[in-house]
Amino acid sequence: MSSKNNTVTEKKHKNRKKLKYGSIATAITVVFIAAVVLLNIIVKAVSTQYNLKLDLTSAKLYEISDSTLDYMKNLNQDVEIACTYKESEMQTNENMKMVYEVLQKYKQSSDHVKLVFFDTTEDPDILQKYQADYSGTINAGDIIIKSGSQVRTVKTSEMFDVDQNKLQYYYYGQISYKDCITGFSGEQKLTSAIMYVTDADPKKVAFITQSNGENIFNQQNAYSVQALQQLFEDNGYDVTTVDITSDDISAETYDVAVLPAPQNDLTEDGIKKLTEFLYNNGDYSKQLMYFADYTQSATPNINEFLELWGIQVDDCIVRESDSSKNQQATISLGTAAFPVASIVEAGDEDTSYSDGLSNTTLPIIAPLSKSVKLLWDSNNERSTQALLKTDDTCYEYPLSALKKSSDSSEESSAENETEFDENSAEKSEQIIMAAGKRSTAMGEVINTSTVFVAGSMSLVDMYLTQSSSYNNGSYVMNAINVATGKGGGLTIASKDMTAKTITISQGQAALVRNIVVVFIPVIVIAICVVVFIRRRRK
């Protein structure tokens with residue numbers, strides 16, 4: 001009887017221990033779950049209040065660059081960003097959510113930024129508040145950037161780069177619009193608009209694209225011309241496309257003129273317009289950016305004009321004799337190995353056009369560039385300056401030899417190769433961008449007009465200017481910013497949204513398969529067996 005009572009007492013004691021430990025475990029579990037829930041509530045509230053979100057996308061689609069952050073931190077004017085959308089609509093739409101999150105970053109980066117949302121269907125008259133200070137038309141779907149009386153708009157559709165080849169399939173209903181999107185350039189558009197509206201004296205650009213209603217440039221340079229125009233707009237310049245024949249290029253209206261590789265020579269009247277623009281009734285202070293290109297025909301009028309500014313462009317293409325110094329790069333015409341140019345250090349009497357560049361060590365690709373020569377020795381009123389040059393292992397390949405080689409048969413092509421021997425060609429540093437300047441003293445102030453000359457339109461090819469790996473776009477814009485006295489510009493690369501495919505070899509695939517199918521299951525089974533045996537022995 002005593003033994004039976006002891007057994008009952010022992011069981012009760014064990015049950016009390018189980019209940020005790022079980023209660024403690026339950027209490028710990030409840031407290032832990034409550035703490036996790038409370039922590040999530042706090043984190044969500046804080047992240048909502050301060051927009052603290054972690055961007056795990058490879059292209060950082062929901063972030064803004066350090067360049068923009070630095071610019072916004074130094075912003076000293078109030079900027080209102082008005083979205084013609086409901087806030088809830090932007091938060092739920094996949095693509096619009098990207099725009100929404102980026103806008104939140106702008107608001108977070110500066111106390112001077114105010115972000116508002118409104119629905120034009122509920123309050124259509126609200127657009128008149130902004131329309132009064134804007135010369136264009138503001139439509140529903142626009143994002144409006146306003147500072148003082150300056151207003152600029154950005155269409156949300158312009159924030160996304162689209163594959164034009166795929167777009168035709170979208171029109172036929174074969175794919176969705178999302179499938180056509182290749183990149184996000186919202187930061188470019190928004191930062192550019194903010195720079196524009198906060199600039200008290202925006203510089204105006206006469207971008208010469210036509211003559212007698214026809215494009216002046218070779219069609220293969222269309223993407224480079226478009227990229228150059230975009231660079232100016234993204235850096236807060238007020239750009240107007242003009243016709244060199246029918247439009248005025250008035251020094252009273254414009255600060256900068258751009259002449260992008262005219263395929264044919266300018267007329268004497270066109271040259272006169274450029275000359276009078278730069279002279280500015282003797283006050284100077286105007287800038288011209290001219291791009292030569294190997295696609296041009298003879299340009300005696302342009303050549304004579306450049307000589308008056310101390311610059312000559314040779315009919316050749318700069319090539320690199322040391323293949324190890326070439327750099328593989330992609331431009332609109334394809335992928336190839338091109339010479340690399342470096343920034344020429346400014347002398348005591350020269351202007352430093354690299355001041356303001358965030359990273360001067362990045363390479364500058366010099367694709368298909370003509371060679372530029374300096375004709376003058378500098379004096380008080382006029383000067384010339386080399387801006388970009390190649391290594392001393394480069395040489396000039398005559399365009400005449402290139403044309404003969406492309407036009408001739410295989411037999412005559414071999415003869416042409418003997419006419420110009422690349423191996424024995426003189427090797428030396430080749431200038432691919434230079435500046436000619438003329439100055440006048442206005443009291444204690446010296447006013448200067450500058451003609452920038454680049455040897456290739458491909459220097460500002462869209463693939464080079466939109467890439468953060470090269471200094472092509474940054475240097476060109478920095479040079480014009482220095483000349484105009486405009487603050488440092490920004491070159492912001494578009495963010496890639498194309499799907500990335502991970503490819504592995506057959507051996508790697510077999511290894512992964514063995515790990516997942518064999519190795520991991522064996523380990524799990526072994527652990528289960530050990531646990532089972534230990535519990536059985538207890």
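The model is predicted, so local features need pLDDT of at least 70 and side-chain atom pairs count only at pLDDT 80 or more, while totals for chains, interfaces and linings use all residues. Residues are numbered from 1 along each chain as its sequence is written, and side-chain values use heavy atoms, with hydrogens and water left out.

**Overall picture**

- The protein has 15 helices and 23 strands, taken as DSSP runs numbered from the N terminus (helices are H or I with at least four residues, strands are E with at least two).
- Of the 538 residues, 41% are buried; buried means under 20% relative accessible area, exposed over 50%, and partly exposed in between, with a 1.4 Å probe and protein chains only.
- Among contacts between residues at least 6 apart in sequence, 77% join residues at least 24 apart, where a contact means heavy atoms within 4.5 Å.
- Carbon and sulfur atoms account for 50% of the accessible surface, which comes to about 30000 Å² (Shrake-Rupley method with a 1.4 Å probe; for residues, only the protein chains shown count as cover).

**Cysteines**

- The structure holds 0 disulfides, a disulfide being a pair of cysteine sulfur atoms within 2.5 Å.
- C180 is buried, at a relative accessible area of 0%, and C394 also counts as buried, at 1%.

**Aromatic pairs**

- There are 8 aromatic pairs in the structure; rings of Phe, Tyr and Trp (its six-membered ring) pair if their centres lie within 6.5 Å, with planes under 30 degrees apart counted as stacked, over 60 as edge-to-face and the rest as tilted.
- One of them joins F160 and F184, whose ring centres are 5.3 Å apart with planes at 50 degrees, so this pair is tilted.
- F160 belongs to strand β5 (residues 160-162) and F184 to strand β6 (residues 181-184), so the pair links distant parts of the chain, 24 residues apart; both residues are buried.
- Y353 and F452 form an edge-to-face pair, because their planes stand at 80 degrees, with ring centres 5.3 Å apart.
- With Y353 in the loop between β16 (340-343) and β17 (364-365) and F452 in strand β22 (residues 445-454), this pair ties together parts that are 99 residues apart in sequence; Y353 and F452 are both buried.
- F207, F232 and Y237 are linked into a cluster by ring pairs.

**Charges over rings**

- K427 places its charged end over the ring of Y395, 5.6 Å from the ring centre; the criterion is NZ of Lys or CZ of Arg within 6 Å of the ring centre and within 35 degrees of the ring normal.
- R438 has its charged end over the ring of W309, 5.3 Å from the centre.

**Loop residues to look at**

- Most residues other than glycine have a negative phi.
- N281 has a positive phi of about 55 degrees although it is not a glycine; N281 is found in the loop between α9 (268-279) and β11 (287-291) and is exposed, at 69% relative accessible area.
- L368, in the loop between β17 and β18 (372-374), has a positive phi near 55 degrees and counts as partly exposed at 21% relative accessibility.
- S428 lies in the loop between α12 (410-419) and β21 (431-442) and is partly exposed, at 26% relative accessibility.
- Leaving aside neighbours within four places in sequence, S428 is in contact with T390, D391, D392 and C394; S428 and D391 are 37 residues apart in sequence and 7.2 Å apart in space, C-alpha to C-alpha.
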